[in-house]
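This report looks at aromatic rings, a ligand site and a pocket. The sequence and the structure come next.

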Amino acid sequence: MIRRLFQGVAGVADATSQLHADAVAPSLIPVAADPKLREECGVVAIHGHPDAARQVYLGLYALQHRGQESAGIASADGQRLANIKGMGLVSEIFTDDVLAKLPGTMAIGHTRYSTTGDSALLNAQPIRVDSTKGLIAIAHNGNLVNLGNIRARLERDGAYFQTTSDSEIIVQLIAHSKQGTLVDCIADSLGRVDGAFSIVMMTRDRIFAARDPRGFRPLSIGRIKNHEGPDTIVFASETCAFDLLRAEYIRDVLPGELVMVTEDGLTSRQYSTGVPQTSCIFEHVYFARPDSRIFGRWVQESRDQMGRQLARESGVPADVVVPVPDSGVTASIGYAEEAGLPFRMGLIRNHYVGRTFIEPEQRVRDFGVRLKLNPVHNLLEGKRVILIDDSIIRGTTSRKIVRMVRGAGAKEVHLRISCPPTISPCFYGVDTPSKRDLIAANKSVEEIRQFIEADSLSYLSLDGLLKACETKEKTGYCTACYTGNYPTQWVDVDEILPATVTI
Ligand code: SF4
């Protein structure tokens with residue numbers, strides 16, 4: 001049964017660009033042409049390090065790709081629990097002076113792109129709540145799907161919410177739990193919420209980490225070896241954070257597992273069992289960094305296999321394979337090797353484009369995309385080009401890129417997508433448009449090909465994608481945005497209504 005529970009999420013990019021627009025309108029335009037789905041959030045936690053906040057800072061720095069809107073760090077020294085957060089990039093917020101205000105051997109951190117709750121600083125994380133169970137700070141990656149009725153019930157029971165973020169619901173549930181110990185209260189509360197959550201929590205003297213029973217979002221445990229005392233324990237959304245911290249990967253936090261770290265070491269319990277794992281396959285397609293190992297598999301390896309499989313499924317005579325950078329690069333290398341074709345960086349991405357840009361006096365066609373990408377004419381001229389990207393959302397950006405490659409002299413442009421058509425929105429922490437705005441939900445592949453003006457268009461099959469992400473442990477994946485089959489009962493019916501007009 002599908003029930004409507006929550007309304008669509010207000011676009012954070014709209015809110016921030018509005019702030020800019022108020023200041024210097026109308027010459028600033030949002031670089032809204034970003035073709036990609038938005039990353040969700042990244043979390044880090046450190047236990048047992050003399051400079052824990054700075055270690056969390058480094059971890060967040062490595063996870064910046066998972067959210068650039070706000071960041072925060074909370075630290076604890078056994079007595080106090082300090083919390084500092086701000087809008088912007090990790091390096092913009094946390095200067096030396098700011099980090100000096102976060103003492104202690106424990107810290108948690110968060111980098112955010114909002115998915116539930118608005119984008120105000122109020123909703124930046126970690127959220128610190130002074131509850132009946134003491135001070136608790138929480139940082140959360142994911143999205144709860146049954147928050148509406150829980151929040152109403154908690155408010156009836158006297159809960160006072162400081163934010164509109166769903167993460168605070170978990171803390172309020174803990175505060176209202178009737179279990180005897182704090183760890184029992186946390187386990188009890190996590191069992192009451194549904195949806196996607198990889199969380200790290202901190203009290204004055206303990207760190208907790210947990211994943212939802214389906215394991216939607218990644219969360220790994222690492223260790224920094226200390227020769228003169230207990231090892232430092234690290235949690236991070238992606239293992240690329242461990243590399244910067246020189247931490248070794250131990251294992252993933254399991255779906256439905258609650259881990260507690262105290263000065264006596266690490267203990268763990270399964271607060272939920274028997275729920276099939278549905279980890280987000282789109283982490284492998286796009287979100288996670290290729291140098292991370294998530295859900296038991298290197299992301300680089302998965303993307304390479306997606307490219308190879310794509311070449312086997314939809315090869316076409318061509319002269320060169322060109323990625324749409326950056327996320328299309330690894331799949332393109334796999335495709336080129338499998339197809340025996342040269343791989344060329346025929347599009348160059350400008351990494352320094354911010355959220356807004358001063359518009360030129362005269363409107364330039366496809367300006368937003370041209371800001372971000374520029375063709376390398378001598379690599380494309382007269383060539384039959386296979387262009388590899390990882391998604392087509394609304395189709396308008398793909399059309400601009402196809403036009404750009406053709407405009408640079410390509411004889412033919414064959415677009416290949418390293419996953420199946422995106423036909424349904426995500427309710428688990430990824431900011432997708434509603435179904436009515438997803439081109440693949442409303443047009444056939446041939447109609448999309450015509451719309452984007454490519455000579456041919458093919459997507460990777462669902463079987464091909466699953467094969468490319470296969471693990472020895474037989475990881476179960478969520479593929480709802482490609483199938484419309486949601487692993488949870490609660491979804492927003494408004495978001496999955498079909499289009500009433502042709503997009
Ligand atoms: S719907 Fe798509 S993006 Fe969302 S969790 Fe499932 S696979 Fe990931």
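Is Y61 buried, partly exposed or exposed? In this predicted model, Y61 is partly exposed, with a relative accessible area of 45%. Y57 is buried, at 16%, because its value falls under the 20% cut-off.

Y57 and Y61 form an aromatic pair. A pair of aromatic rings is described by the distance of the centres and the angle of the planes. For Y57 and Y61 these are 6.1 Å and 50°, and the pair is tilted. Both residues belong to helix 2 (residues 52-62), and since they are 4 residues apart there, about one helical turn separates them.

The structure holds 9 aromatic pairs. Ring pairs also link F216, F427, Y428 and Y486 into a cluster.

Two arginines lie over ring faces, as the table shows.

| Arginine | Ring | Distance from the ring centre |
|---|---|---|
| R151 | F161 | 4.1 Å |
| R399 | F451 | 4.2 Å |

Y428, part of the ring cluster, is also one of the residues around the ligand. The others there include R217, C280, C426, C478 and C481. By class, the shell has 9 nonpolar residues, 1 charged residue and no polar ones. Helix 9 (281-287) and helix 18 (480-483) each supply at least two residues of this shell.

The second largest pocket holds about 460 Å³ of space. It is lined by 24 residues, and H47, G48, D231, T262 and E263 are the closest to its centre. Strands 10, 12, 13 and 14 each give two or more residues to the lining. The lining divides into 9 nonpolar, 8 polar and 7 charged residues.

How values were computed. Residues are numbered from 1 along each chain as its sequence is written. This is a predicted model: local features need pLDDT of at least 70, side-chain atom pairs count only at pLDDT 80 or more; totals for chains, interfaces and linings use all residues. Side-chain values use heavy atoms; hydrogens and water are left out. On a 1 Å grid over the protein atoms alone, a cavity is a set of points where a 1.4 Å probe fits but cannot get out, and a pocket is an open set with protein on both sides within 12 Å along at least five of seven lines; lining residues have an atom within 4 Å of a point. Grid points are joined across faces, edges and corners, and a volume is the space filled by probe spheres set on the points. Ala, Val, Leu, Ile, Met, Phe, Trp, Tyr, Cys and Pro count as nonpolar, Asp, Glu, Lys and Arg as charged, and the others, Gly among them, as polar. A residue is near a molecule or strand if one of its heavy atoms lies within 4 Å of it. Rings of Phe, Tyr and Trp (its six-membered ring) pair if their centres lie within 6.5 Å; planes under 30 degrees apart count as stacked, over 60 as edge-to-face and the rest as tilted. Buried means under 20% relative accessible area, exposed over 50%, partly exposed in between (1.4 Å probe, protein chains only). A charge sits over a ring if NZ of Lys or CZ of Arg is within 6 Å of the ring centre and within 35 degrees of the ring normal.
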